[in-house]
Amino acid sequence: MRPARLSVNLNKVALIRNGRGANYPDLVKVALDCEKFGAQGITIHPRPDQRHARYDDVYALKEVVQTELNIEGYPEGRFLEVVLETKPHQVTLVPDAPGQLTSDHGWDTVGRADFLKEILAPFKAAGIRTSLFVDPNERMIDGALAVGADRIEFYTGPFASQFSGDPARAVAPFTAACRYAASAGIGINAGHDLNLHNLTFFANNMPGLQEVSIGHALVTDALYLGLKETIRQYLACLSATT
Ligand SMILES: CC(=O)[C@@H](O)[C@H](O)COP(=O)(O)O
Ligand SMILES: NCC(=O)COP(=O)(O)O
C-alpha cells in the first residue's frame, strides 16, 4: 500500500507573518522549502477574516508550488472567486462559520446536497479536484458521492483527542468509514490535529488513505526540531505504515 501524501498546512506560518505586518516569514519561501524537504503538497485555509492565510497568498503559492496546492475553506464570496481564478490542484470545502476558532465538524452532505452540488459544479468544470470535509459517517460519505465530490477529507479531531486514552477505540470509526469510502470509490484524505504521536497509528488503520494535511502540530514541532527534520519525521511516520 502506497503511503499517504503529506500536504503541509501553512496557516500557522501565516499567523506568525501577520503578527508584524511584514512579509516575514515569507510564506512562498516556506512553501518552497517544505517541498525541498519532501512535502508532497501545500495547504492553506484562508478564512473570511484572513487571520492567517490570506486570499492573496493563494495567488502567490499557485505561481510557485510544484507539488500540489490544496485550498481549504467555506465556499462563499471571495473564496469562490479566488479558487476559480487560481485553479489549485484541489479545493477542500469546510463547513466552518466565520467566527469559529478552528474547524470542528464535517459537512451535512445530505442536508446541504443542493447547495454543495451547485458549488462543486464550477470547480469540477474548471478541472479542480474537489474534496468535502466530513465526519466518519457512511451516510455523509454517500452524500459526498451524490453531490459529485472527488474525495472526502475525514475530520480527525475526535481521533486525536481520544487517541492517548484508547487508540483502538479512537480509530475504529475512521477505519470503518475509510473501508466504506474505498468500497464506494471516493478518494480519501484526512486532517486536523494529526501529529508525530498519532500519525503512524492512524495511517496504519486507514486502508486507501491518499493524503493527510497537517499544519498546527507540524509548525509547532518545527520550533523545536527545525522544518527540515520535522518534515522528515512526518514522512517517516507515513512510510512506517505496514
Ligand atoms: C480543515 C481543518 O481541519 C484545518 O485544515 C483547518 O485549516 C484548521 O484551521 P486553523 O489553522 O485556522 O485552525
Ligand atoms: N485539513 C487539515 C489541515 O489542513 C491541517 O489541520 P491541523 O494539522 O492544523 O489541525
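Begin by selecting ligand 1: its shell holds 13 residues, of which Asn 11, His 45, Thr 102, Ser 103 and His 192 come nearest; a residue counts as near a molecule if its C-beta atom, placed from the backbone, lies within 6 Å of it. The structure is a predicted model, in which local features need pLDDT of at least 70 and side-chain atom pairs count only at pLDDT 80 or more, whereas totals for chains, interfaces and linings use all residues. Residues are numbered from 1 along each chain as its sequence is written, while chains are lettered from A and ligands numbered from 1 in the order in which they are written.

Colour the shell around ligand 1 by class: 10 residues are polar, 2 nonpolar and 1 charged. Here Ala, Val, Leu, Ile, Met, Phe, Trp, Tyr, Cys and Pro count as nonpolar, Asp, Glu, Lys and Arg as charged, and the others, Gly among them, as polar.

Next, select His 45, Glu 72 and His 192, which UniProt, in an unreviewed entry, records under "active site". These positions span 148 residues of sequence, yet they cluster in space, with a largest C-alpha distance of 12.2 Å. UniProt positions follow the numbering used here, feature names are shortened, and annotations may be inferred rather than shown by experiment. Glu 72 is found in strand 3 (residues 69-73); helices (H or I, at least four residues) and strands (E, at least two) are DSSP runs, numbered from the N terminus.

Now move to ligand 2. Of the 13 residues around ligand 2, the nearest are Asn 9, Gly 191, Ser 213, Gly 215 and His 216. Strand 8 (211-214) and helix 10 (216-225) are the elements that give two or more residues to this shell. By class, the shell around ligand 2 comprises 7 polar, 3 nonpolar and 3 charged residues.

Then select the residues that the unreviewed UniProt entry lists as "binding site": Asn 9, Arg 20, Asp 193, Gly 215 and His 216. They are spread over 208 residues of sequence and also in space, up to 26.3 Å between C-alpha atoms. Asp 193 sits in the loop between strand 7 (187-191) and helix 9 (199-204).

Finally, display helix 2 (residues 27-36) with helix 3 (residues 55-64), which pack at an angle of about 40 degrees with their axes 10 Å apart. The contact (C-beta atoms, placed from the backbone, within 7 Å) involves Leu 27, Val 28, Ala 31 and Leu 32 of helix 2 and Asp 57, Ala 60, Leu 61 and Val 64 of helix 3. By class, this contact has 7 nonpolar, no polar and 1 charged residues. The axes are lines fitted to C-alpha atoms over the stretch in contact, and angles run from 0 to 180 degrees between N-to-C directions.

Definitions and conventions:
Contact = placed C-beta atoms within 7 Å.
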